[in-house]
Amino acid sequence: MNETILDAIQEPAVSNFVDYGSFLRRFAAMFIDGIILQFGIGIISTFFTSSMVNSFGNLGPNPDFDQLLQVYYGFISFFSLTVVAGWLYSALLESSKHQATIGKVAMKLVVTDLEGKRISFGKATGRHFAKLLSSIFFIGYLMALFTSRNQGLHDKLAGALIYKTK
């Protein structure tokens, strides 16, 4: 039997929700997810890094346009990798039957819509990219401290709630 960590957890039922996820619990989940993403991206980026180092080493004092373009494409590829990896990690896992990233599973949190149902991949995608707005001065995340259902700006924009499970 090839069972992953997430497969061992059953799909949350609305009756299993205890309370809205607290700011500290959500922050801890985000920290765990950040470590996982950085580790995964670090492994993949070693391939990009070696090609970029070779490109830099070959530049010389007067690089030509093609050499500069190769370095530029290396940076764009690496940046794209981090954006796509973060998006797919959160959107796929939060819209899955587990309704949570690995960090949220560890902190016993699930993402739901306003009715307590699983969110779609599209809604999870919108929630992920709305975090860019929440990141501005961290204000969107701090909103979770002051809203009645502990929603950050990205949760409100996506129509999502974070619950703590039993």
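## Overall fold

Along the sequence, the protein runs in the pattern β-α-α-α-β-α-α-α-β. That gives six helices and three strands. The model is predicted. Of its 166 residues, 36% count as buried.

Take the contacts between residues at least 6 apart in sequence: 70% of them join residues at least 24 apart.

## The sheet

The three strands form an open sheet in the order β1-β3-β2, with antiparallel pairing. β1 (17-20) and β2 (109-113) stand at the edges. Each edge strand has a single partner, so one side of each is left without a neighbour in the sheet. Neighbouring strands are turned by 45° against each other on average, direction ignored. Strands of a sheet pair through backbone hydrogen bonds, either parallel or antiparallel.

With β1 the antiparallel pairing runs over three bridges. With β2 the antiparallel pairing runs over five bridges.

β2 is mostly covered, with five of its five residues buried. Both faces are covered. One side carries Leu-109, Val-111 and Asp-113, and the other carries Val-110 and Thr-112.

The largest nonpolar core has 10 residues. Leu-109 and Val-111 belong to this core, as do Met-107, Ile-119 and Ile-162. The core also takes in Ala-29, Ala-91, Ala-124, Ala-158 and Ala-160. β2 and β3 are the elements that give two or more residues to this core. What does Ile-119 touch, not counting residues up to four places away in sequence? Ile-119 touches Val-111, Thr-112 and Asp-113, along with Glu-94, Ser-95 and Ala-124.

## Helix α4

α4 has 14 residues. From first C-alpha to last, α4 reaches 20 Å, close to the 20 Å expected at 1.5 Å a residue. Its buried residues are Ala-124, Thr-125, Arg-127, His-128, Ala-130, Lys-131 and Ser-134.

Ala-130 is found in this helix, α4. Why does Ala-130 count as buried? Its relative accessibility is 9%, and buried means under 20%. Leaving aside neighbours within four places in sequence, Ala-130 is in contact with His-154 and Leu-157. Ala-130 and Ala-158 are 28 residues apart in sequence, yet 7.7 Å apart in space, C-alpha to C-alpha.

## Salt bridges

Side chains of opposite charge can pair when their charged atoms come close. The model holds four salt bridges. Arg-26, Glu-94, Lys-104, Arg-127 and Asp-155 are linked in a network of salt bridges.

Arg-26 pairs with Asp-155, and their closest N and O atoms are 2.4 Å apart. Arg-26 is in helix α1 (residues 23-57) and Asp-155 is in helix α6 (residues 153-158). The pair links distant parts of the chain, 129 residues apart. Arg-26 is buried, with a relative accessible area of 13%. Asp-155 counts as buried at 0% relative accessibility.

## Arg-127 and its two partners

Arg-127 forms a salt bridge with Glu-94, the closest N and O atoms being 3.0 Å apart. Arg-127 is in helix α4 (residues 121-134) and Glu-94 is in helix α2 (residues 65-94). This pair also links distant parts of the chain, 33 residues apart. Both Arg-127 and Glu-94 are buried.

Arg-127 forms a salt bridge with Asp-155 as well, with the closest N and O atoms 2.7 Å apart. Arg-127 lies in α4 and Asp-155 in α6, so the pair ties together parts that are 28 residues apart in sequence. Is Arg-127 buried or exposed? At 2% relative accessibility, Arg-127 counts as buried.

Conventions:
Residues are numbered from 1 along each chain as its sequence is written. This is a predicted model: local features need pLDDT of at least 70, side-chain atom pairs count only at pLDDT 80 or more; totals for chains, interfaces and linings use all residues. Side-chain values use heavy atoms; hydrogens and water are left out. A salt bridge is a side-chain nitrogen of Lys or Arg within 4 Å of a carboxyl oxygen of Asp or Glu. Helices (H or I, at least four residues) and strands (E, at least two) are DSSP runs, numbered from the N terminus. Buried means under 20% relative accessible area, exposed over 50%, partly exposed in between (1.4 Å probe, protein chains only). Two strands pair if DSSP finds at least two bridges between them. Axes are lines fitted to C-alpha atoms, for helices over the stretch in contact, and angles run from 0 to 180 degrees between N-to-C directions. A nonpolar core is a set of buried Ala, Val, Leu, Ile, Met, Phe, Trp, Tyr and Cys residues joined through side-chain atoms within 4.5 Å. Contact means heavy atoms within 4.5 Å. The expected span of a helix is 1.5 Å times one less than its number of residues.
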